[in-house]
Amino acid sequence: MAVKFDRLLYGGDYNPDQWLEYPEILEEDIRLMKKAHINTVTLAMFAWAKLEPEDGVYDFDWLADMIDRLYENGISVILGTPSGARPHWLADRYPEVLQVDEARRRQIFGLRHNACFTSPAYRKKVRDINMELAKRFDHHPAVILWHISNEFGGECHCPLCQQAFRDWLKERYQTIDEVNRRWNTAFWSHTYQSFDQIESPSSIGEGSIQGLALDWRRFTSHQITDFCRAEIQALRDAGAKKPATTNFMYNYPLINYHEMARVLDVVSWDNYPQWHHQKEPVTAMKSAMQHDIMRTLKKEPFLLMESSPSSVNWVPVSRLRKPGIIENASLQAIAHGSESVLYFQIRKNRGGFEKFHGAVIDHYGKEDDRVFQECCQVGDDLEQLSRMDLGRVESQVAVIYDWENRWAVEGSCGPRNENMFYKETVEKSYYAFRKLGLNVDMIDGTQELDCYRIVAAPLLYLFRPGFSEKVRRFVENGGYFILTYWSGVVDENDCCVLGGTPGGLMDVMGLRSTEIDALYEGESNEMVSVDGGKTYTCEHLCQLVKPSTARTLYQYGKDFYAGTPAATENVFGKGKAFYICADAEQAFYDDLYADIAAQAEVKRVFAQPIPEGIAVSVREDAENAYIFIQNYNAQPTAFSPDLEGAEVLLGVMDGEMKPFSTVILRKKK
């Protein structure tokens, strides 16, 4: 069941432990928070040294006082567990908690994310403090959610982790002979005689067995997920009833978030787009896709746990957010299913690594500040929207973005060993659907397909077990399926499919892949419509195919394979399967997907074309559709959609949208 709050959450990370010697600042902070309509803060995320200054000695009174004061002022609390940043004494007393890198060097204390998730000592110390926090604070009416650790990540290659990896492999494969078979270790005579011989991939050791590398990725993700599960279990064992989350990150490669989401009550994530680095519509589309990934992990509302109301401080160039961007980016999260807009941070730190990171309250500390005023506007927007039930995001189309496939693609050793462009290929499918004003689910290869009208599977090199059977049923029953080049090539252990590819789907796609040509940077080919219509550019990878029942839509225009299929369509059962043979430009995807959506009779919120740079998203309840229209162009943009029967809830819809503006409509379904 989805976690539901009584309002849209607005606020962010607050660190009163850094300001306890300035009581006047703490008082002023609460006043400013209320003025900005802030109703929620996250506490104690990085306060372990203050909460437990010595091993087994706890000091929670300052935190209890702060929670009481916030609650008295109508501000709720998301309470963090402090494992994201460990105190020095813990590393000194229990050196096993420090990670060992792939070259087998143990790290020294410093920064964050340097803990071994296997270490029994670390797990015990985290369990102890989590239980104490739960006993003291879970019953407090201010506490609405537990925030587990912070931005889980990293990997450890210490002896404890090596043994845990071997135990994980034993459970997965049972015998060493099965490991050798599944990893094809006969290549280069790398056959293992026992599990004890297996080591994690290393630059000073084994780096040639793709099955090993893939399973190490799976193990690392599993170990971090298990640690998160153990943190939550400690809270539950102490009697905690409040829901729990942890903050995921943008496009983070090391953790399979589909698996980690299963141990959480609600998904949350941190969004830090680099506005004004690329064109704003491109940046907005990248953020939108990540929002939809997070929403689809549980197919429930999620939380925007961190964002910046101004510049960040950890990128090469930290540009300010131009006026309107904060509001637009915040409402984008709501449009895609978020139940919150939360910032890092409420008040800027005086010192340390993030002292120049954007915040609601600047070092200046007054309310006549541009960023603070814009945050007040966002707070007012969310307060208005909290008065109505915005419902959920429902999607007719899905794009597959699969973590395990990504790991396999990036370590496949051919046809390109640099820049396989997996994420970029997925983005092209996503963008094409979004330009039609369609909501998009971002699923992985384990999720069901039957609830969609169209499913796109870009660069799906690795097929999960049972995936081809799901696709077969989906198309047979009337679904529209889109597959691209270099798909269905290997099994779950990165061993090549025998007998032809795409594995298990040659009849569904109506073709067989034969060869794939990797182009050098700067080279390109052409995809020419067989009806003499349009021509598009393609680059990077060009798949050669041999059709059986598939109809050719586009042909290659150049090289020795000129005139052979570059894109095909195949009727299978009641549905259709499309194969895109090359890494085509965005315009190709835009045009092809518009045609497929029309064939599939996908319902669009607006029939007329949506101008470049304008995004349309829809949330629905039982009676109403809430339509978010956002202009990400830096200039006014003409747009006059059919508004018959629609009520304007926020913004102005007069035929021209202002730069970085949002309009929200409500329309009876």
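The model is predicted. Helices α10 and α14 pack at an angle of about 95 degrees, Leu235 is buried in terms of its accessible area, and four cavities of 30 Å³ or more are counted.

**Packing of α10 and α14**

- Helix α10 covers residues 280-298, helix α14 covers residues 422-434, and their axes lie 10 Å apart.
- Angles of 65 to 115 degrees count as roughly perpendicular; at about 95 degrees, α10 and α14 are therefore roughly perpendicular to each other.
- On the α10 side, the contact involves Val282, Met285, Lys286, Ala288, Met289, Gln290 and Asp292.
- These residues meet Lys423, Val426, Glu427, Tyr430, Tyr431 and Arg434 of α14.
- By class, the residues of this contact comprise seven nonpolar, one polar and five charged.

- Leu235 is part of helix α8, which spans residues 210-237.
- The relative accessible area of Leu235 is 0%, and a residue counts as buried under 20%, so Leu235 is buried.
- When neighbours within four places in sequence are left aside, Leu235 is in contact with Thr81, Asn130, Ala134, Trp146, Ile148 and Ala240.
- Between Leu235 and Glu132 there is a separation of 103 residues in sequence, while their C-alpha atoms are 8.5 Å apart in space.

**The largest cavity**

- The volume of the largest cavity is about 120 Å³.
- Its lining consists of 14 residues, and those nearest the centre of the cavity are Trp275, Ser307, Ser308, Ala329 and Ser330.
- Helix α11, residues 325-335, gives the most to this lining, contributing five residues.
- The lining of the largest cavity divides into eight nonpolar, five polar and one charged residues.

**The second largest cavity**

- The second largest cavity has a volume of about 70 Å³.
- Helix α8, the helix that holds Leu235, provides the largest share of the lining of the second largest cavity, with five residues.
- Among the residues lining the second largest cavity are Phe117, Thr118, Gly154, Glu155, Cys156 and Cys161.
- The lining of the second largest cavity also includes Trp216, Phe219, Thr220, Gln223 and Ile224.
- In this second lining, six residues are nonpolar, four are polar and one is charged.

Note on methods
Residues are numbered from 1 along each chain as its sequence is written. This is a predicted model: local features need pLDDT of at least 70, side-chain atom pairs count only at pLDDT 80 or more; totals for chains, interfaces and linings use all residues. Side-chain values use heavy atoms; hydrogens and water are left out. Axes are lines fitted to C-alpha atoms, for helices over the stretch in contact, and angles run from 0 to 180 degrees between N-to-C directions. Helices (H or I, at least four residues) and strands (E, at least two) are DSSP runs, numbered from the N terminus. Angles under 35 degrees count as roughly parallel, over 145 as roughly antiparallel, 65 to 115 as roughly perpendicular and the rest as oblique. Contact means heavy atoms within 4.5 Å. Ala, Val, Leu, Ile, Met, Phe, Trp, Tyr, Cys and Pro count as nonpolar, Asp, Glu, Lys and Arg as charged, and the others, Gly among them, as polar. Buried means under 20% relative accessible area, exposed over 50%, partly exposed in between (1.4 Å probe, protein chains only). On a 1 Å grid over the protein atoms alone, a cavity is a set of points where a 1.4 Å probe fits but cannot get out, and a pocket is an open set with protein on both sides within 12 Å along at least five of seven lines; lining residues have an atom within 4 Å of a point. Grid points are joined across faces, edges and corners, and a volume is the space filled by probe spheres set on the points.
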